[in-house]
Amino acid sequence: MNMRDYAIVSEELTKIYRDKHREIVAVDHVSIKIKYGEFFGLLGPNGAGKTTFAKMLATLLIPDEGEAWIEGYSILKDPIEVRKRIGWMMGETGGRALYWRLSGWDNLMFFASILNVPRKIAEKRARTLLRFLELEDAVDKLVMNYSTGMRIKLMLIRSLLHNPDVLILDEPTLGLDVESAIKVRNFLRRLADELGKTILFTSHNMYEVEQLCDRIAVINKGRIIFIGTPREIKEKVEEIKIVEIIVASTDSDLKEILNKLESLSVINTVLFHEREAKNIKIRVSVNDYYTAIPEIARVLRGYKVESISRALPTLEEAFLKIAGVKIEETETRRFGRRRL
Amino acid sequence: MSSISDIIEVFRAREKEHGFHAFIRRALASCFYQLKIYTSYRMNFALDLIDITISALIYYYIGFLVSPQDLMRLGYTPDYIAFALAGIALSRYIWTSVARLAHKMRHEISAGTFESLAAADFDDFHAWLWGQILYGFTWSSSVFFVTILLGYSLGASFTRSLVFWLQAILIVLLTVLIHAGIGVMAAGMYIVHKQLETLLVLLVAVIEFFGGVLYPLSLLWNYPPLYYIAMLIPFTHGLELFRRTIIDELPLTHPLMLRHLIILLVFFPTIFLGFKVFKHYLNKAKKTGLLAAY
């Protein structure tokens, strides 16, 4: 295989953190191939190894084993060529990765110089991107006065100044408010679609990767446990049987309904409930649709049941299944509810 | 508001700067934006000026207690204020050369900016480090000039010859470069050994003590081990050359000057060694994951 055939290739990439008392395998023989122009999500819980993997690709960490290539350049043998081709940024923690005593504009111009971008080109790119991300009014303010969202947008612009072909973005929307997160996501998707940028995007937000990514790798405890499209992940876990119940009811009925559902032996657990306008939506996991649905209908007789239907698992439910975490255990922790 | 087509348009241009010009631009950016950060703390320079003025006044009055005959007996000028201010002026370069880079590294690592720089680094931090050395030199030079001007105004007998001032500048540059090598080395070591910063404060104090900033080095003749330690420190020779130039107007061809100059030149490879050591520790940090501390 020619390494230039792919934008990013990693082969058996491994990173072990060592101290006096222990070794932690943060990334364990990870092999991935990412095509040019692909929007690739690396999905995993905190501590799964996403950041360590991203940092190795960005040449900020040297692997203990394995090798990786960016557009055919080895992260070990040609780290400078790799850096010329990548734009790298971190989300919330990296919000500090700017000079707070400089203005937004000075930060951009400083990094443009460090990235060897001629001044005129850097200014033009910076202005265009600042306008696009609606940050131009704040550009002369010191970064210390920026909100998290503004800092993340600025870091995103900084990572694009030298027009890299590959973007390595480590949880770029972490800590953003909903509106800013949507804006940043839309922008990133367009970078891939319309500018052909290859994007490696790490996240533990299921919704985000489902919306954005062409392919997803699920990483847990340093190992890739699945690579595929968001749809393939869902299909892989179709054995998770979810029933969605929509009841036109009031909040006062909710506790009673939940108690009735939890008392049914055909229901494994109540996964989720939320109020939607005049309805309550409840998702439960079951062992068998054919016995569960009639039983649910029976105990909810007397309520205004809008629908009881089979449902596809969400990406989050799928991820938990792939990661080998028992869905009941996690949901019990989240909602503080025990299975009856 | 820009459209995506505007963005596509601005990304068409792909030319980048290369070679020496790019290196100079990166180094100057490192220096210039550091100066901007420094000046964003508006009281900084005023406080530094007050500090220098108070030091100058302290040694001006101490000068009345020092006997000119004793100074002459020890082989120096009888003018203590000139002697002390020359020492203080040059010692300002020592902190910025030896300890400031490690201090700067602490800020960069804790702020997370060091990782951003590392992801954009095209030359093992050479340009960035040279920019920081230039910044330190610029800052120290402004303090240096103020100290010398204060000296003149307090009646210090510094040379008024342009030739000897040019010689003095050459000596300052050589001394700063050698100590910057130690500073770059220390900055690299700091990335891995975070406790080093405290030791550097001690090192600067030791250098200043053995360099004879405030007392004639010949006083150490009575304590041979201390004298030999002093002779192993490059700053000692830099300061001797500097004092003999701006106070005694000795040319570099004078045997006493040549001896110190040769010893100082022996330390010159320190600057190259500094960058090697920095790279070694940078790679070590990349192996152990110490580039950032959130």
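In the predicted model, the secondary structure of chain A consists of 12 helices and 14 strands. Along the principal axes, the C-alpha atoms of chain A occupy a box of roughly 70 × 45 × 40 Å. Chain A comprises 340 residues, of which 46% are buried. When contacts in chain A between residues at least 6 apart in sequence are considered, 70% of them link residues at least 24 apart.

The domain assignment divides chain A into domain 1, covering residues 3-235, and domain 2, covering residues 237-335. The centres of these two domains of chain A, taken over C-alpha atoms, are separated by 37 Å.

In chain B, helix α8 (residues 162-192) packs with helix α9 (residues 196-211). The axes of α8(B) and α9(B) lie 9 Å apart and form an angle of about 150°. Because angles over 145 degrees count as roughly antiparallel, α8(B) and α9(B) are therefore roughly antiparallel to each other. On the α8(B) side, the contact is formed by Ala186(B), Met189(B) and Tyr190(B); on the α9(B) side, the residues are Leu196(B), Glu197(B) and Leu200(B). By residue class, the contact of α8(B) with α9(B) contains 5 nonpolar residues, no polar residues and 1 charged residue.

Conventions
Residues numbered from 1 in each chain as written. Chains lettered and ligands numbered in written order. Predicted model: local features only at pLDDT ≥ 70, side-chain atom pairs only at ≥ 80, totals over all residues. Axes fitted to C-alpha atoms, helices over the stretch in contact; angles between N-to-C directions. Helix = DSSP H or I, 4+ residues; strand = E, 2+ residues; numbered from the N terminus. Parallel < 35°, antiparallel > 145°, perpendicular 65-115°, else oblique. Contact = placed C-beta atoms within 7 Å. Nonpolar A, V, L, I, M, F, W, Y, C, P; charged D, E, K, R; others polar. Buried ≥ 20, exposed ≤ 12 C-beta atoms within 10 Å, placed from the backbone. Domains from an automatic or database assignment.
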